[in-house]
Amino acid sequence: MQPDPYIEFLENWIPGIGECTELHDDLHIHFHLDFSVNHEARLLGFQLGHHPASNITHVLAFILMSTTIYPSHYRNSWKDVKDFYRSYLLGKQWQSVSYWFIPRGILL
């Protein structure tokens with residue numbers, strides 16, 4: 001399933017979340033995540049937190065977008081938002097470590 005081009009355009013200005021699709025898909029495999037809405041929220045939160053240019057404005061923008069304008073089948077619930085934010089904080093803790101050296105089960 002391809003992301004909506006409008007959503008993809010809006011996400012691309014957000015540090016970490018705007019990383020290339022190939023890297024994002026490889027990270028799903030690396031961290032043993034499927035492509036469910038919740039696992040997507042976790043990975044996007046982690047990527048955002050992992051990027052040194054991210055800040056709370058990016059977090060709030062993503063939460064607003066993902067709970068309102070995302071297509072209904074892809075929209076984040078409050079549980080997803082909670083997991084997104086928890087993963088964001090975890091990404092901040094691992095910022096100085098390459099993705100490939102971060103423990104694989106950390107987001108589960």
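The model is predicted. Helix 3 (residues 37-50) packs against helix 5 (residues 78-93), and the axes of helix 2 (residues 21-30) and helix 3 also cross. The largest nonpolar core has 15 residues, and a second, separate core has 11 residues.

**Helix 3 and helix 5**

- The axes of helix 3 and helix 5 are 6 Å apart, and the two helices pack at an angle of about 30°.
- Angles under 35 degrees count as roughly parallel, so helix 3 is roughly parallel to helix 5.
- Helix 3 and helix 5 make a right-handed crossing.
- On the helix 3 side, the residues making the contact include Val37, Ala41, Leu44, Leu48 and His50.
- On the helix 5 side, they include Lys79, Asp83, Phe84, Tyr88 and Leu90.
- By class, the residues of the contact between helix 3 and helix 5 are eight nonpolar, six polar and five charged.

**Helix 2 and helix 3**

- The axes of helix 2 and helix 3 come within 11 Å, with a crossing angle of roughly 115°.
- Angles of 65 to 115 degrees count as roughly perpendicular, and helix 2 and helix 3 are therefore described that way.
- The crossing of helix 2 and helix 3 is right-handed.
- Helix 2 contributes His24, Leu27 and His28 to the contact, while helix 3 contributes His39, Glu40, Leu43, Leu44 and Gln47.
- The contact of helix 2 with helix 3 has three nonpolar, four polar and one charged residues.

- Gln47 is located in helix 3 and is one of the residues making the contact with helix 2.
- Buried means under 20% relative accessible area, so Gln47, at 0% relative accessibility, counts as buried.
- Apart from neighbours within four places in sequence, Gln47 is in contact with Pro15, Gly16, Glu19, His24, Leu27 and Tyr99.

**Nonpolar cores**

- In soluble globular proteins, nonpolar side chains tend to be buried together.
- In the largest nonpolar core, of 15 residues, those with the most contacts inside it are Ile14, Ile17, Leu48, Val59, Phe62, Met65 and Phe84.
- Helix 1 (5-11), helix 3, helix 4 (56-68) and helix 5 each supply at least two residues of this core.
- Helix 4 gives the largest share of this core, four residues.
- Met65 is in contact with Leu10, Glu11, Ile14 and Tyr70, leaving aside its neighbours within four places in sequence.
- The second, separate core has 11 residues, among them Leu90, Tyr99, Ile106 and Leu107.

- Tyr85 is in helix 5 and is partly exposed, with a relative accessible area of 34%.
- Setting aside neighbours within four places in sequence, Tyr85 is in contact with Ile56 and Val59.
- Tyr85 and Ile63 are 22 residues apart along the chain, and their C-alpha atoms are separated by 8.9 Å.
- Val97 lies in the segment after helix 5 and counts as partly exposed at 25% relative accessibility.
- Val97 touches His50 and Ile102, not counting residues up to four places away in sequence.
- From C-alpha to C-alpha, Val97 and Asp25 are 19 Å apart in space, and they are 72 residues apart in sequence.

Note on methods:
Residues numbered from 1 in each chain as written. Predicted model: local features only at pLDDT ≥ 70, side-chain atom pairs only at ≥ 80, totals over all residues. Heavy atoms only, no water. Axes fitted to C-alpha atoms, helices over the stretch in contact; angles between N-to-C directions. Parallel < 35°, antiparallel > 145°, perpendicular 65-115°, else oblique. Left-handed = near helix turned anticlockwise from the far one by under 90°. Contact = heavy atoms within 4.5 Å. Nonpolar A, V, L, I, M, F, W, Y, C, P; charged D, E, K, R; others polar. Buried < 20%, exposed > 50% of the residue type's maximum accessible area, 1.4 Å probe, protein only. Core = buried A, V, L, I, M, F, W, Y, C linked by side-chain atoms within 4.5 Å.
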